[in-house]
Amino acid sequence: MHARWIIAAGLAGWLGAFVMQPVDAVAQTRGELKLEAQLVWGTEDAQSPDPKHRPVEREVARKLKSLPFKWPHYFEVNRRSVSVPDQAETTTRMSRDCEIKVKNLGRETVEVTLIGKGEPVGKVTQKLPRGQLLVLGGNAENFTSWFVVIKQTP
Amino acid sequence: MKPDLELLLKVQALHDGELSPAEAERMRARLAGDPAARTLLREMDEVRSALHRYEAECTLPESREFFWSKVRREILQSAPSPAREQPRAPAWAFWLRNFLPAGALALLVLTLIFGLRPAGIFPRSTAMGVVAVETALRDTGAVTYRDEAAGVTLVWLSFADENHFTPFTSPDTLPQ
């Protein structure tokens with residue numbers, strides 16, 4: 001009986017080494033990352049005071065609403081397309097005071113540095129596969145909120 | 001002295017009322033002239049009265065039928081049930097019985113190998129939703145929240161100038 005368990009553990013180890021190796025190889029594919037960054041304003045008001053603002057797309061809104069926040073409405077303030085070659089870094093201005101610096105670390109991993117008024121505020125390193133969102137956020141005036149939503153373009 | 005067995009039986013029969021009237025009459029006549037027989041009869045009377053006096057009276061708190069039905073039910077319940085005929089195990093049961101535990105262990109090992117790789121040792125750790133956050137400013141606080149189902153990673157930053165990130169034309173929200 002013990003021998004059977006030992007054999008099973010050994011088999012599992014070999015399976016892990018050989019079967020999952022190609023997955024690693026695929027994941028290590030390097031290339032340019034095409035991203036989309038949105039500056040989003042979260043509010044309790046159904047209408048934004050700025051007529052240039054428009055509600056965020058439905059999928060992003062759904063995901064933002066799934067977060068544990070009170071704001072039911074999200075407006076897109078700005079949207080930027082970002083292309084980052086492998087191991088390169090790109091800086092994109094999202095608003096007058098807000099910039100993001102995105103570094104492509106390979107394997108769909110990004111390092112995003114948030115810059116406020118020219119000063120780095122925070123740095124986030126995260127795997128960002130297609131369909132997933134990386135959201136940086138904070139408080140804004142009048143109990144509203146700002147978000148920088150980053151995702152891979154389809 | 002050894003008692004006369006026939007006398008003993010006759011006295012016993014008289015005492016128990018088992019003699020015919022004629023025999024009982026003859027026996028009483030004999031008792032009148034036989035002190036030993038009278039003594040024997042008196043002892044029998046005393047024994048009977050003593051037994052009647054000290055016999056413990058046992059009463060059931062429930063009816064007789066109910067009491068015995070309970071006894072019967074308990075006997076039936078405690079009796080071993082007849083052995084059921086075991087269905088013949090299918091052929092694959094052998095493999096299931098012998099290799100299911102091994103398979104479960106193999107799955108566990110796989111999960112440990114590929115699910116718990118520590119960050120910094122294997123690059124693929126970032127694929128497991130591990131997020132690394134550094135804050136550059138001294139007064140910045142960061143909270144990370146990961147919703148696997150929605151595929152969202154949120155990093156919530158708190159710092160002094162955060163209110164100026166979204167410029168608005170409304171007087172209420174316009175930065176001063």
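Guide: What follows is a close look at helix α3 of chain B. The model is predicted: local features need pLDDT of at least 70 and side-chain atom pairs count only at pLDDT 80 or more, while totals for chains, interfaces and linings use all residues. Residues are numbered from 1 along each chain as its sequence is written, chains are lettered from A and ligands numbered from 1 in the order in which they are written, and side-chain values use heavy atoms, with hydrogens and water left out.

Helix α3(B) covers residues 35-54, 20 residues in all. Helices here are DSSP runs of H or I with at least four residues, strands are runs of E with at least two, and both are numbered from the N terminus. From first C-alpha to last, α3(B) reaches 28 Å, close to the expected 28 Å; the expected span is 1.5 Å times one less than the number of residues.

At the start of α3(B), a side-chain oxygen of B:Asp34 comes to within 3.1 Å of the backbone nitrogen of B:Ala36.

Along α3(B), B:Ala37, B:Leu40, B:Leu41 and B:Met44 are buried (under 20% relative accessible area; exposed is over 50% and partly exposed in between, with a 1.4 Å probe and protein chains only). These residues lie on the same side of α3(B) because they cover an arc of only 95 degrees around the axis, taken from the directions from the helix axis to the C-beta atoms. The buried residues of α3(B) pack against α1 (5-15) and α2 (21-33) of chain B, where contact means heavy atoms within 4.5 Å. On the other side of α3(B), B:Arg53 and B:Tyr54 are exposed.

Conventions: A polar contact is a pair of N or O atoms within 3.5 Å; within protein, one must be able to donate a hydrogen and the other to accept it, and residues adjacent in sequence count only if both atoms are side-chain atoms.
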